[in-house]
Amino acid sequence: MDGGDEDQTKKKSRPINSIISWTEIREEFSHHHPSVARLNNGSFGCCPASVLAAHRSFHLRFLRHPDAFNLHSLPFALLRSRTLLKHLIHADHLDEIALVDNATTAAALVLHHISQNANAAASFVVVVLHCAFQAVKKSLHAYVTRAGGSVFEIQLPFPVRSRREIIAEFRKGLKRAKSLNLNGGKIRLAIIDHITSMPSFLIPVRELVEICRKEGVEQVFVDAAHALGTVPVDVKEIGADFYVSNLHKWFFCPPSVAVLYSRRSKNAPLPIESSMWTGTKRDYSAQLLVPAVMEFVNRFEGGIEGIMKRNHENVVEMGKMLAESWGTNLGSPPDMCASMIMVGLPSRLLRTHLRECFGVEVPIYHHPATATATATATARDGNDGESRPPRPWDKEDGVITGYARISHQVYNTVDDYHKFRDAIYKLLQEGKVCKQNAFEFDPMS
Amino acid sequence: MENDHHQHHRHELNGDSTKPHAPKKPRLSLSSSFSSITEFEIRSEFSHHDPSIARINNGSFGCCPRSVTAAQMEWQTRFLAQPDAFYFNELKKGILHSRTIIKDLINADHVDEVSIVDNATTAAAIILQQIAWGFAGGKFRPGDAVLMLHYAYGSVKKSIEAYVTRAGGHVIEVPLPFPVNSEEEIISEFKKALERGKANGRKIRLAVIDHVTSMPCVVIPVKELVKICREEGVEQVFIDAAHGIGCTKVDMKEIGADYYASNLHKWFFCPPSIALLYCRKSPEILDLHHPVVSHEYGNGLAIESAWIGTRDYSPQLVVPSVVEFVNRFEGGIEGIKERNHEQVVKMGEMLANAWGTKLGCPPEMCASMIMIGLPTCLGISCEEDTMNLRTHLREQFGVEVPIYFRAPKNGETVSITGYARISHQVYNKEEDYIKFRNAVKQLVSDGFTCTLLSQ
């Protein structure tokens with residue numbers, strides 16, 4: 001063993017010559033389709049070959065003698081994963097750490113728990129962000145609305161200008177929810193994203209959780225599907241009651257596994273264990289890979305922290321390059337994004353078309369240009385005021401209604417983003433536009 | 001098993017009419033010159049099994065042949081190569097294909113009636129959630145009943161408690177005899193329990209009936225019980241058939257239940273986890289939802305279940321490869337079932353004779369698993385003894401077999417308190433059971449008792 005789990009999560013610097021090389025990184029991701037510029041790590045993540053090998057190994061050991069594996073190897077392997085995760089997210093107690101399939105499952109578990117314990121007589125209120133993940137909103141419908149509760153959505157502005165703006169808007173929204181005076185102005189649960197999906201930006205969760213406490217919100221659930229592997233996570237500092245992050249998005253695990261933190265306190269433990277929905281005789285292999293992942297990330301300079309830092313720097317750099325090339329803008333300031341950033345598109349373009357004709361994988365967000373949007377808040381093409389060579393589409397002063405969410409992960413190169421840049425150039429030169437209703441609904445972001 | 005194949009052919013040549021039926025449904029893929037899978041090929045398909053273990057517990061975790069594991073890896077690789085394209089272009093099609101095959105396998109009317117979930121436990125949660133809403137929404141009266149068998153699977157019992165008792169429902173357990181001598185014994189107990197359930201004008205909203213109980217393992221006469229439920233005004237019937245497809249006869253129209261759940265990773269050669277949930281078309285099924293809610297919520301249970309967030313769906317996509325595998329066997333899945341049944345009865349009787357004990361049920365009340373009494377001198381006196389003995393058999397003798405503790409009833413003196421549940425699947429050989437026979441004989445001659453293990 002290498003000096004205990006805490007050491008393994010803290011291990012940072014290695015001798016220069018044992019840092020993973022670019023060739024080795026390419027090998028680790030050689031199973032990725034070679035002709036696709038994969039700019040969408042945010043949706044389905046990635047898994048390096050060495051972790052896949054560990055996955056396969058566990059799977060084969062299970063198939064070889066499942067009874068023995070489940071009895072002897074499995075409990076220990078699960079414990080190792082959970083212990084490493086406890087250190088990673090700075091939780092106090094091991095029993096606060098549960099492994100579930102994904103953030104969608106965690107949301108259903110928490111909301112089921114809330115709806116079960118609701119006093120049938122009183123109406124209860126749950127507050128959620130307007131841009132919350134679609135599955136979470138449906139879960140609210142299935143469990144909260146159905147049980148007689150009310151859901152209140154808080155609108156946050158986009159494009160985002162500053163942390164202060166988000167904090168102010170959230171505070172206003174929460175006060176408005178309380179003023180509806182349902183259930184005597186008492187809010188049962190607030191659901192806050194750590195990093196929103198579409199459009200994507202980084203939320204100052206610690207501050208928002210603090211506001212919730214001040215306003216007497218009973219419990220706070222942070223949906224941090226994208227957090228582990230893109231931002232440092234300290235659940236004690238954040239202070240939420242429930243916190244979930246997928247490991248198969250940015251933490252190099254294969255599908256699927258997520259860590260669900262439930263703060264040990266006045267909370268009763270979640271009465272519906274996930275095993276009641278999944279059974280226990282299942283394939284746990286994906287949940288056993290945290291040690292293999294730690295080995296992988298520690299081959300990089302600075303370990304997972306180094307990866308996060310470089311992903312952030314690169315995605316910002318690439319985002320700026322694209323926005324400048326197209327004469328558009330970013331959806332948020334650099335300090336309000338992690339490894340993903342929103343880049344304005346010069347016109348409305350289809351995601352499928354980009355995949356099939358240009359080999360570019362990137363999700364597109366259609367931002368409704370509303371009447372309340374001010375001239376400064378709504379970005380316009382070609383209006384950056386700087387002198388630069390004129391582009392063929394400059395004649396149209398279009399309002400930016402489409403944003404691409406680009407990601408950066410260790411396998412990406414500058415060429416991927418150039419491919420995207422040039423695809424858009426080509427589409428514009430060809431005069432391609434799309435009608436509004438041709439926009440595909442993208443639930444998968 | 002080579003002997004088995006020869007016997008089968010001999011029967012056919014002699015026009016043996018003891019086999020009551022040929023496979024009912026046409027095989028799903030026909031080849032003009034069929035040559036069945038050889039003994040060697042079967043060995044190769046299961047060469048990943050630990051060769052030092054007599055694996056006679058297919059009932060717990062099932063098995064997965066190499067060719068299906070290879071197909072699974074292929075699906076996984078396609079996802080990893082380009083996950084977005086896979087999600088948009090391949091996943092839904094693949095799941096629909098699996099569902100269509102399953103629909104034909106179980107003789108259901110429409111593919112809409114077939115949903116794929118993780119396992120029977122998930123299916124139970126789905127059905128029970130609907131029941132819980134019935135109580136919460138006032139459709140059911142407090143005290144209305146849900147009926148289940150005493151030998152219902154542990155996690156299903158827990159779910160019934162969590163969803164029904166919490167919501168104000170009354171749970172009735174049907175006591176079942178074990179050892180059991182005939183189907184009539186079970187039917188009689190069931191009828192009595194229904195009477196109790198309906199006492200005080202209560203309505204029985206749901207009956208949860210195992211098709212094949214787990215421990216102890218007995219095939220329940222579900223067709224008869226469903227009929228009785230209909231006659232006695234039970235509103236809905238859910239058959240929990242964790243051991244269903246590939247183990248016993250699974251014909252939805254014949255059984256006539258409202259809901260039927262069967263694991264496919266136990267007896268249908270799929271990797272974990274995949275199960276079928278059949279829901280007969282009715283107004284009620286519109287209110288069935290998967291507990292994990294995605295953006296597909298409201299599009300019908302089958303569609304909801306086909307996307308519950310990012311996961312590895314490969315176990316659900318390999319069903320076509322499994323069909324290819326089973327069709328390499330004489331008689332396809334029907335042939336496999338018949339031979340498993342014959343062999344497990346034969347081996348069970350061999351063991352009971354060798355140990356001087358008896359079977360837990362008559363041969364016609366078992367499918368591909370059977371309970372055999374263990375010699376009383378082994379001194380199995382509690383649940384813990386069964387776990388310890390099982391571990392002892394695994395570690396000292398290389399035999400994997402689950403043991404059931406059968407508590408003596410009032411007034412019983414000398415009775416068999418321990419039963420082993422042996423399974424038979426295509427990879428088993430007679431040697432596996434001989435190994436078990438000899439292990440127990442050795443324990444007996446060594447004067448072994450379970451008290452030695454709990455020290």
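I will start with the conventions, then turn to the interface, and then to the helix packing.

This is a predicted model, in which local features need pLDDT of at least 70 and side-chain atom pairs count only at pLDDT 80 or more, while totals for chains, interfaces and linings use all residues. Residues are numbered from 1 along each chain as its sequence is written, chains are lettered from A and ligands numbered from 1 in the order in which they are written, and side-chain values use heavy atoms, with hydrogens and water left out.

At the interface, 61 residues of chain A are in contact with 59 residues of chain B, contact meaning heavy atoms within 4.5 Å. Together the two chains bury about 5,400 Å², of which 58% lies on carbon and sulfur atoms; buried area is the accessible area (1.4 Å probe) that two parts lose on being put together, summed over both.

The rule finds 6 salt bridges across this interface, each a side-chain nitrogen of Lys or Arg within 4 Å of a carboxyl oxygen of Asp or Glu. D101(A) forms a salt bridge with R311(B), their closest N and O atoms being 2.6 Å apart.

Now to chain B, where helix α5 (residues 83-105) and helix α13 (residues 319-326) pack at an angle of about 40°, with their axes 8 Å apart. That angle makes α5(B) oblique to α13(B), since angles under 35 degrees count as roughly parallel, over 145 as roughly antiparallel, 65 to 115 as roughly perpendicular and the rest as oblique. Axes here are lines fitted to C-alpha atoms, for helices over the stretch in contact, and angles run from 0 to 180 degrees between N-to-C directions; helices are DSSP runs (H or I, at least four residues), numbered from the N terminus. H97(B), S98(B), I101(B) and I102(B) of α5(B) meet V319(B), P320(B) and V323(B) of α13(B).

Technical notes. Helix = DSSP H or I, 4+ residues; strand = E, 2+ residues; numbered from the N terminus.
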